[in-house]
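Hello,

Here is the structure we spoke about. Please open it first; my notes follow below.

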Amino acid sequence: MITAKKMGLSVCPACHKVNEMVSHQHKCRRCSHLFYQRKPNSLQYTLAWAIAALICFLPANIYPIMIVYSLGIPEESTILSGIGAFIDYGLYPIAVIIFTASIIVPLIKIMGLFFLVFKVQTGVRLKTEKHTKFYHVLGLLGPWSMLDVFVVALMVALVELGFVSTVEAGPAINYFTLTVLFTMIAARSFDPRLLWDEETELDIRQIDNTDADKNLVKIKE
Amino acid sequence: MEDEALANDWLACHQCDALYVHPQLNDGQRAECGRCGATLFERKVNSIERTFALSVAGLILLIPAIMLPIMGITLAGQYQEASLLDAITQLIAKGYIMVATLVFMFTIAVPTVKLIGALYISYCFKCNKIKPFLLHFFRAYHQLDSWSMLNVFLLGIVVTMYKLLDDTELSIDSGLLAFVLLLISSTMVTVSLDQHYVWQKLEQECIDDNG
């Protein structure tokens, strides 16, 4: 497999132009974006942001995200108890959507990034193709965790009926927003090409003949 | 200049770093990485015209989608309605400045800047007014892609409706229609803008300018 790195080339992350890497840090010839052949300290940054997200995820679940005042009596609800309320009402699809968006997605993102960092670091049973797809999916999932924040924002603006019923946001909304933000930054810090670098090194040791047809672009209509 | 011509013939996958000779595609075809399956680039049909039309449509819908009430509730004889902007101002009023800023960024600022950017780029291409500074402009435009969350907000509207359905009388307002149309046009702008073509064209023009 011929990679850009082997040829002393690198693709600009902003405009996807192939550049010759004469120095460690390079300014793209087309769009003047400053970049490196691989994101520097990519694994460390990914790990740091993922841990930060995990730390924020705890208070996001412990503190109430929404406080409902009906006839002056406050009733606090956390993310989990909000999901429980939907189950009580029998609205299972909505419960599943919120559970996925606000519990499963952040956890999968954080754990998945830990997993990818671990795989790149150790190189144990690395299935590059699968892992690259997994990383791609993690990137797509990211924004959907904002769902709960948007719901609370809308509820606060809508249910503003004085003494009868008022909804206020709880402190968890801050931590939850930070969790989403940090997981998105963590996913962006990860460089998927690191997954493939390991494989490229293996290729040198055991020359693979089936590689020839892999070096062709597939053209689809 | 020789090196430049050489590097123009290369195409590298941004996801797995595989290096290819730049293939020639016809309109409507798509090049896919043979190693990891990522899309390398596409030749989109009528990209500039479509982007121009859709971004104009999006910008027209922008103000009603933000300002008009999305839905209203009636409870014990009281009526209350809220728009996207109300949701943000309420968060500010309650002291959640950081959350309000991020919601504003993801649902208003980024989509607006993206639409204006797409309109400006397609206008410059239509009228052949390509200037070197567009290179920087388009790079900045590129960075915004993953921060637009209109689709998530729409799901948020649906969930809020279900939350309020039991206890209150719910009414849907014209803002929701404008918002859905805005979401559709902003998504289609992203789909129809051929970034590979824009970059290649900009590069050609700017090399001409320099030489």
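Start with two helices of chain B. Helix 3 (residues 84–93) and helix 4 (residues 97–126) of chain B pack at an angle of about 160°, with 8 Å between their axes. Helices here are DSSP runs of H or I with at least four residues, strands are runs of E with at least two, and both are numbered from the N terminus. Axes are lines fitted to C-alpha atoms, for helices over the stretch in contact, and angles run from 0 to 180 degrees between N-to-C directions. That angle makes helix 3 of chain B roughly antiparallel to helix 4 of chain B (over 145 degrees counts as roughly antiparallel).

Which residues meet there? In helix 3 of chain B they are B:Leu84, B:Ile88, B:Leu91 and B:Ile92. Their partners in helix 4 of chain B include B:Ile97, B:Val103 and B:Phe104. Contact means C-beta atoms, placed from the backbone, within 7 Å. By class, this contact has 10 nonpolar, one polar and no charged residues. Nonpolar covers Ala, Val, Leu, Ile, Met, Phe, Trp, Tyr, Cys and Pro; charged covers Asp, Glu, Lys and Arg; the others, Gly among them, are polar.

A word on the source. This is a predicted model, where local features need pLDDT of at least 70, side-chain atom pairs count only at pLDDT 80 or more, and totals for chains, interfaces and linings use all residues. Residues are numbered from 1 along each chain as its sequence is written, and chains are lettered from A and ligands numbered from 1 in the order in which they are written.

Now chain B as a whole. Chain B has eight helices and seven strands. Its C-alpha atoms fill a box of roughly 75 × 40 × 35 Å along the principal axes. Of its 211 residues, 37% count as buried (20 or more other C-beta atoms within 10 Å; exposed is 12 or fewer, partly exposed in between; C-beta atoms are placed from the backbone).

Next, the interface. In chain B, 58 residues are in contact with 62 residues of chain A. Helix 6 (residues 150–165) of chain B gives the most to the chain B side, with 10 residues. That side has 35 nonpolar, 12 polar and 11 charged residues.

Last, two asparagines. Phi of A:Asn41 is near 50°, positive in a residue other than glycine. A:Asn41 sits in the loop between strand 4 (34–36) and helix 1 (42–62) of chain A. Phi of B:Asn46 is also near 50°. B:Asn46 lies in the loop between strand 4 (39–42) and helix 2 (47–67) of chain B.

Best wishes

Definitions and conventions: Contact = placed C-beta atoms within 7 Å. Parallel < 35°, antiparallel > 145°, perpendicular 65-115°, else oblique.
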